[in-house]
Amino acid sequence: MRAAAALVLLLADPAIAVSPALSPAPRVFLARQRPLRAAPRCSSSDPATEVARWCVANGQSDAAVVVSGATGLAEAMRDFWYVTHSIGTTDDAAPLTALAFPAWSAASDGSLFERVFQHVGSCSQLSDYLGDDVLCLARHPTASDSPPPHPTMLLRRHAQSGFSSLSSEEDEYFGGVDPFAELEARLASDAPPPPPPASDEQVLATTHAWVKAVIVDMKVCPFSHSVDKAGLPQGGVTYPITRASSVEQLYQAFWEQVGELDRVDEREVATVLLLAPEFTSGSAEGFDAFADSLNEALTSLKLEEKLQLVFFHPGFAFRDGKERMGGEGAAANFARRSPVPMINLLRTPQVRAAQKGIPTGSVYDTNEKNLASVGSEQLQEMLHRCEWSALEGRTYLPHQTRAAIESAANR
């Protein structure tokens, strides 16, 4: 009998597990997440053993087998992105990793697993590692050709040669040597060092000050009652902080929060503001592209009935066809310009309840007028200094309810 797959890893319940060859779990992954661990002796019917034998039977005896304890979509996506990032950042990762989902019962539906795979494929266009350093293939028990025992993602470490940012023809022409390396190194040595990242306490204090001054007091969100309370019905607001700098890490942190929101009652947590101070803070366009990929996930993975997303960024600009880069129209951007990049996770039933009371279009119009009364230059200066005390004591136009708007229209 051939040897079993070289290494079996377990993703602890519901935490993920890391092999000795993989990097430690990122800090964002909450206290209950444990490091990946090598599996103990497994019975013949154990999922890890089943997948390992399937790998061996298909000529992949050098594969690493990772068994996720995910029972739902959010946990499965969280585990996928964690493992992908670990493979991409580990020099001696196994050439092939089989990530299996035996506890995810909904994944027995082959069409769902295919949609997940298609979504992951679309994310590879943005990812730091997936698509370049890590290639992905989905295998499902319903497949006619050598089906795995459980829904499985195969992640192959792609070894690149030469200078990766050149085309194959350019790489061959330059003999595998980067002709710009010396210039880039010289430019980097002349550049001032980046400022140290703000501590979690500083990020949280600045975010709270911005939420109070702009979101609550100015009523940019008319359903935010305080820094810690929002929604219909009123519930808590959480502010998890991730130090994600790669796309994979932020996908991972996002799906963790999707799962958390799904697990708790709406009166305990109505909404989540996921803070990402080290992710594309200087590139609003890059953050927009990332945001588009998450909005696509809501549609393709059929989550729109449960979840809505709003994105904030220090350089945000509305793409509504109006002049937003200067003049009076620029002030409206500050409804979504925040001290650090943020993802706001909202419960769809609460959003719909809010829209019944105050129409979305009316909220935008009132916000634009209130922000314009302050002025874009002043708002930009406040954002630059992270200081909004100048807004204290100001009065703003109130939001009109749907009933008031309809009554005025019928006069």
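Reader: What makes the approach of the Gln-249 side chain to the backbone nitrogen of Ser-246 a polar contact?

Author: In this predicted model, the side chain of Gln-249 reaches the backbone nitrogen of Ser-246 at 3.1 Å. A polar contact is a pair of N or O atoms within 3.5 Å, where one atom, within protein, must be able to donate a hydrogen and the other to accept it, and where residues adjacent in sequence count only if both atoms are side-chain atoms.

Reader: Where is Gln-249 placed, and why is Gln-249 called buried?

Author: Gln-249 belongs to helix H7, residues 247–263, where helices (H or I, at least four residues) and strands (E, at least two) are DSSP runs numbered from the N terminus. Its relative accessible area is 15%, and buried means under 20%, exposed over 50% and partly exposed in between, with a 1.4 Å probe and protein chains only; Gln-249 is therefore buried. Leaving aside neighbours within four places in sequence, Gln-249 is in contact (heavy atoms within 4.5 Å) with His-85 and Ala-244.

Reader: What makes helix H2 largely enclosed by the rest of the structure?

Author: In H2, 16 of the 16 residues are buried, so this helix is largely enclosed by the rest of the structure. H2 covers residues 73–88 and reaches 22 Å from its first C-alpha to its last, close to the 22 Å expected at 1.5 Å a residue, the expected span being 1.5 Å times one less than the number of residues. For the protein of 411 residues, 46% count as buried.

Reader: How do you know which strands stand at the edges of the open sheet?

Author: The open sheet has five strands in the order E7-E8-E9-E11-E10, and the pairing is mixed. Strand E7 (229–230) and strand E10 (307–312) each have a single partner strand, so one side of each is left without a neighbour in the sheet, and these two stand at the edges.

Reader: Why do E7 and E8 count as paired, and in which sense?

Author: Two strands pair if DSSP finds at least two bridges between them, and E7 and strand E8 (residues 235–238) have two, in the antiparallel sense; they therefore meet the criterion. Ala-230 stands opposite Gly-235 in E8. E7 and E8 form a hairpin with four residues between them, and Gly-231 in the turn has a positive phi of about 95 degrees. The loop between E7 and E8 also holds Pro-233, and the peptide bond from Leu-232 to Pro-233 is cis, with omega near 0 degrees. E8 pairs with strand E9 (residues 271–275) in the parallel sense over two bridges, while E10 and strand E11 (residues 342–347) pair in the antiparallel sense over six bridges.

Reader: Which helices lie across E10 and E11, and how are they directed?

Author: Helix H8 (residues 284–300) lies across E10 and E11, running at about 175 degrees to E10, and helix H9 (residues 348–357) also lies across these strands, at about 80 degrees to E11. The axes are lines fitted to C-alpha atoms, for helices over the stretch in contact, and angles run from 0 to 180 degrees between N-to-C directions.

Reader: What is Lys-302 called, buried or exposed?

Author: At 61% relative accessibility, Lys-302 is over the 50% limit and so counts as exposed. Lys-302 is found in the loop between H8 and E10, and its phi is near 60 degrees, a positive value in a residue other than glycine.

Reader: How confident is the predictor in this protein?

Author: The mean pLDDT, the predictor's confidence in each residue from 0 to 100, is 83, and 75% of the residues reach 70 or more. Over residues 12–43, however, the pLDDT is below 50, although this stretch has 86 contacts in the model beyond near neighbours in sequence. Where pLDDT is low, the predicted coordinates should not be read in detail.

Technical notes:
Residues are numbered from 1 along each chain as its sequence is written. Side-chain values use heavy atoms; hydrogens and water are left out.
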